[in-house]
Amino acid sequence: MSALARGDDGRRRCWWGASSAEYVAYHDEEWGRPVRHDRGIYERLVLEGFQSGLSWLTILRKRENFRKAFANFDIERVARFGERDVTRLLNDAGIVRHRGKIEAAIANAKAAAALDRPLAELVWSFAPPRRRRALRALDDLPSVTPESTALSKELKKRGFRFVGPTTAYATMQACGLVNDHIAGCWVRAEVERLR
């Protein structure tokens, strides 16, 4: 499998970024672009947790439902969710109905609200210190790094759940802490300028 795919518009993208309209939009407009606000970091952390074991396309297609279900990822509001909200969410066919992940999203809001500094500041403190060379092959793409392992450990220490090193790394990719667009992908240079 090639690391790049040419889209219908003729642009070369990371192999996964041209396979559906949802992926094209997410790849081109969002993935890897820096997210530096708490709500955006929390949203991606929750969505990456829900994605565990599922296709990312499933999560993208349900994203607006997740936003409605989780108060547009307002940390303070979700931190006040209780057992009635858990029941409501378990009955919401528009999201992934997994008790552990729902409870983790609420626990993570509580943990984020209790932080001694902004969530975005905490997460960005784990960004790799130097830029690495552009990845050229699928085999070069890590699923875990020392930074994601350290971020996972720190988040867990502060009460976050469903934030293992792989989920932490996927969040780092989504929020632009790393630029994992493959060499030759048209988005890579644009994302690099934003970092």
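Analyst: The model is predicted. Helix 2 is mostly covered, with 11 of its 14 residues buried. These buried residues are Gly 40, Ile 41, Tyr 42, Glu 43, Arg 44, Leu 45, Val 46, Leu 47, Glu 48, Gly 49 and Phe 50. Helix 2 runs over residues 38-51 and reaches 20 Å from its first C-alpha to its last, close to the 20 Å expected at 1.5 Å a residue. After helix 2 comes Gly 53, with a positive phi near 85 degrees.

Helix 8 spans residues 146-157, which is 12 residues. From first C-alpha to last, helix 8 reaches 17 Å, close to the 16 Å expected at 1.5 Å a residue.

Which residues of helix 8 are buried? They are Ser 148, Leu 151, Ser 152, Glu 154 and Leu 155. These residues lie on the same side of helix 8 because they cover an arc of only 165 degrees around the axis. On the other side of helix 8, the exposed residues are Pro 146, Lys 153 and Lys 157, where exposed stands for over 50% relative accessible area.

Helix 8 is followed by Gly 159, and the phi of Gly 159 is positive, near 100 degrees.

How values were computed
Residues are numbered from 1 along each chain as its sequence is written. This is a predicted model: local features need pLDDT of at least 70, side-chain atom pairs count only at pLDDT 80 or more; totals for chains, interfaces and linings use all residues. Side-chain values use heavy atoms; hydrogens and water are left out. Helices (H or I, at least four residues) and strands (E, at least two) are DSSP runs, numbered from the N terminus. The expected span of a helix is 1.5 Å times one less than its number of residues. Buried means under 20% relative accessible area, exposed over 50%, partly exposed in between (1.4 Å probe, protein chains only). The arc is that of the directions from the helix axis to the C-beta atoms.
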